[in-house]
Amino acid sequence: MPQLVVRAVLESSRQEFEVIESALGLYPAIARLPERQFDVMVLRYVLGFSTDTVARIMGVTTATVRSHCHFARRKIARELGIAFDTDCDDEE
């Protein structure tokens, strides 16, 4: 049941991101991510949860969270035409 609530909140966030306009196009780029990558980005960077907490919420390992985060950030950087720096990962 808690995962259904989390899913509903995350999908609501996706719809809000789709309508937010930004000069860089960041929010629309986040909204276009695959589901699991979107979930990680919202939970980690929008809501500010730790990697461990995100893993517990999603029912996956911390390594999976880090992987989704890495690929999401790379995809967003590519879409926005900016360099992706793997040295800037901000893990705890």
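Modeller: Core and surface patch

Val46 is partly exposed, at a relative accessible area of 46%; partly exposed lies between buried, under 20%, and exposed, over 50% (1.4 Å probe, protein chains only). This is a predicted model: local features need pLDDT of at least 70, side-chain atom pairs pLDDT 80 or more, while totals for chains, interfaces and linings use all residues. Residues are numbered from 1 along each chain as its sequence is written, and side-chain values use heavy atoms, without hydrogens or water.

Val46 sits in helix 3. Helices are DSSP runs (H or I, at least four residues), numbered from the N terminus. With Leu47 and Phe49, Val46 forms a nonpolar surface patch of about 250 Å² accessible area together. Patch members have over 30% relative accessible area and no salt bridge, with nonpolar side chains joined within 5 Å. A salt bridge puts a Lys or Arg side-chain nitrogen within 4 Å of an Asp or Glu carboxyl oxygen. Areas are Shrake-Rupley values with a 1.4 Å probe.

Now the inside. The largest nonpolar core has 16 residues; such a core joins buried nonpolar residues through side-chain atoms within 4.5 Å. Helices 2 (26-31), 3 (35-46), 4 (51-58) and 5 (62-80) each give two or more residues to this core. Helix 3 gives the largest share, five. Val40 is among the residues with the most contacts inside the core. Beyond four places in sequence, Val40 is in contact (heavy atoms within 4.5 Å) with Tyr45, Val54, Met58, Val65, His68 and Cys69.

Tyr45 also has a polar partner. Its side chain joins that of Arg73 through a polar contact of 3.5 Å; the term means N or O atoms within 3.5 Å, one able to donate a hydrogen and the other to accept it. Arg73, in helix 5, is buried at 16%.

Notes:
Patch = residues over 30% accessible without salt bridge, like charges linked within 9 Å, V, L, I, M, F, W, Y side chains within 5 Å.
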